[in-house]
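Subject: Handing over the two-chain structure

Dear colleague,

Here is the structure I promised to pass on to you. Please open it beside this message, so that each residue can be found as you read.

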Amino acid sequence: MAGNDALSHEDILGAVDAWLKSGKDVALATVVTTWGSSPRPVGSQLAVDQTGAMIGSVSGGCIEGAVVQEALAAIKDGKPRLLDFGISNEQAWEVGLACGGKVQVYVERVG
Amino acid sequence: MKRGVLDRLQAARAAKRPVALATDVKTGAQALLDGKDVSGDLALSSAALAAVKKALADDKSGMAEAEGGTVFVQVFNPPLRMVVVGAVHIAQALAPMAALTGYEVVIVDPRRAFATDARFPNTEVTTEWPDDALARLKPNRRTAIVTLTHDPKIDDPALQAALKSDAFYVAALGSKKTHAARLSRLKEAGFDDAAVGRIHGPAGLSIGAKSPAEIALSIMGQATQILHGQGAG
């Protein structure tokens, strides 16, 4: 029953819509698969504009930086991307999830 | 995501229709299932369409295997709802907490002195009797119903309506003694043990809550626990 609660307290798509209406370029990142103790459930979303401003989240803050870079690239070339963040404990202090979980994030340009 | 897909998705969400968006994560092609309509540039096989429909029915987003590749299905259900009976002090703390947690909140209290917009900014407040309000609101399995008045004239009709619904969480504030009396009244009214057993009473998790905000937190915690199937608290 948990479903889409990931989106509920912030209206990410509403923000995307408002950004597009104000002439911004926007990309949307969505958690599509999780394994182990990943911090945000499937369906969690992060919207990014062409300046790198963001709303929402796809992790507890560990991978947002890398996702924003890919989102900016998707805004430029229009191509969707499927990103894997699978992290062993030794790597966890670099780009990844300190909890050791794994996530797959889909990034697409909107509009 | 194409602008047209976003527009249709937002329109469906505004109208509180459950919809599902299927995305081919290799090509970016998408199909939106809205009632019987399927729109977008992703052609869904009948097997893929069945998978999307199942995801929507199960309220579960995720990857679905389909002919020619894997499709990500994202389910957009209307928000959870919480009906709070009793525009009391605890409700003033519970309403914003529930809203932050993603619920649409409706406060029901026929006593006009309590049910004022000034006490509940940005929240739907109605002075209908609870049975009338619940008949109109049609609680379903995405609805929580919490009674806070301690007044049988107000709480009991709400609980009777709640027990006839599929509400996933039904809770009533009041001491153990008050709750026992409440249960015997409901049994006299024809509800069996299984039915009255659905009521969480006294409402909320046992966390030693004292202040209105702490009690609201304990209720919010319990509703969350039940929502995610973590058993009785």
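Below is what was found, taken one part at a time.

Please keep in mind throughout that this is a predicted model.

**Strand β2 of chain B**

Which way do the residues of β2(B) point? B:Q30, B:L32 and B:D34 point one way, while B:A31 and B:L33 point the other way, and all of them are buried.

On one side of the pairing, strand β1 of chain B, residues 19-24, runs antiparallel to β2(B), and five bridges join the two. B:T23 is the residue that stands opposite B:Q30 in β2(B). The hairpin that β1(B) and β2(B) form has five residues between the strands, and in this hairpin B:G28 takes a positive phi near 85°.

Strand β2(B) also pairs with strand β3 of chain B, residues 37-40, again in an antiparallel manner, and here four bridges join them. If you look for the bridge partner of B:A31 in β3(B), you will find B:G40. Between β2(B) and β3(B) the hairpin has two residues, and B:G35 takes a positive phi near 65° in that hairpin.

**A closer look at B:Q30**

**Where chain A meets chain B**

How many residues does each chain bring to the contact? Chain A gives 31 residues and chain B gives 33 residues. The area buried between the two chains is about 2,300 Å², and carbon and sulfur atoms give 57% of that area.

Two salt bridges are counted between chain A and chain B; in a salt bridge with an N to O distance of 2.3 Å, the side chain of B:R3 meets the side chain of A:D17. Across the interface, eight residue pairs are found in polar contact. On the side of chain A that touches chain B, the elements that give two or more residues are α1 (12-21), β1 (26-35) and β5 (102-110) of chain A. Of these, α1(A) supplies the largest share of that side, with six residues. Sorted by class, the side of chain A that touches chain B has 14 nonpolar, 11 polar and six charged residues.

**Loops of chain B**

Several backbone details in chain B are found in loops. The peptide bond from B:G201 to B:P202 is cis, with omega near -10°, and B:P202 is found in the loop between β11 (199-200) and α8 (212-227) of chain B.

B:K16 has a phi near 60°, which is a positive value in a residue other than glycine, and B:K16 is found in the loop between α1 (3-14) and β1 of chain B. At 42% relative accessibility, B:K16 counts as partly exposed. B:K138, which is not a glycine either, has a positive phi of about 45°; B:K138 is found in the loop between α4 (130-137) and β9 (143-147) of chain B, and with a relative accessible area of 61% this residue is exposed.

**Chain A as a whole**

Chain A has two helices and five strands, and from the N terminus on its elements run α-β-β-β-α-β-β. Of the 111 residues of chain A, 49% count as buried. Among contacts in chain A with a separation of 6 or more, residues 24 or more positions apart account for 52%.

With best wishes

Definitions and conventions. Residues are numbered from 1 along each chain as its sequence is written. Chains are lettered from A and ligands numbered from 1 in the order in which they are written. This is a predicted model: local features need pLDDT of at least 70, side-chain atom pairs count only at pLDDT 80 or more; totals for chains, interfaces and linings use all residues. Side-chain values use heavy atoms; hydrogens and water are left out. Buried means under 20% relative accessible area, exposed over 50%, partly exposed in between (1.4 Å probe, protein chains only). Two strands pair if DSSP finds at least two bridges between them. Contact means heavy atoms within 4.5 Å. Buried area is the accessible area (1.4 Å probe) that two parts lose on being put together, summed over both. A salt bridge is a side-chain nitrogen of Lys or Arg within 4 Å of a carboxyl oxygen of Asp or Glu. A polar contact is a pair of N or O atoms within 3.5 Å; within protein, one must be able to donate a hydrogen and the other to accept it, and residues adjacent in sequence count only if both atoms are side-chain atoms. Ala, Val, Leu, Ile, Met, Phe, Trp, Tyr, Cys and Pro count as nonpolar, Asp, Glu, Lys and Arg as charged, and the others, Gly among them, as polar.
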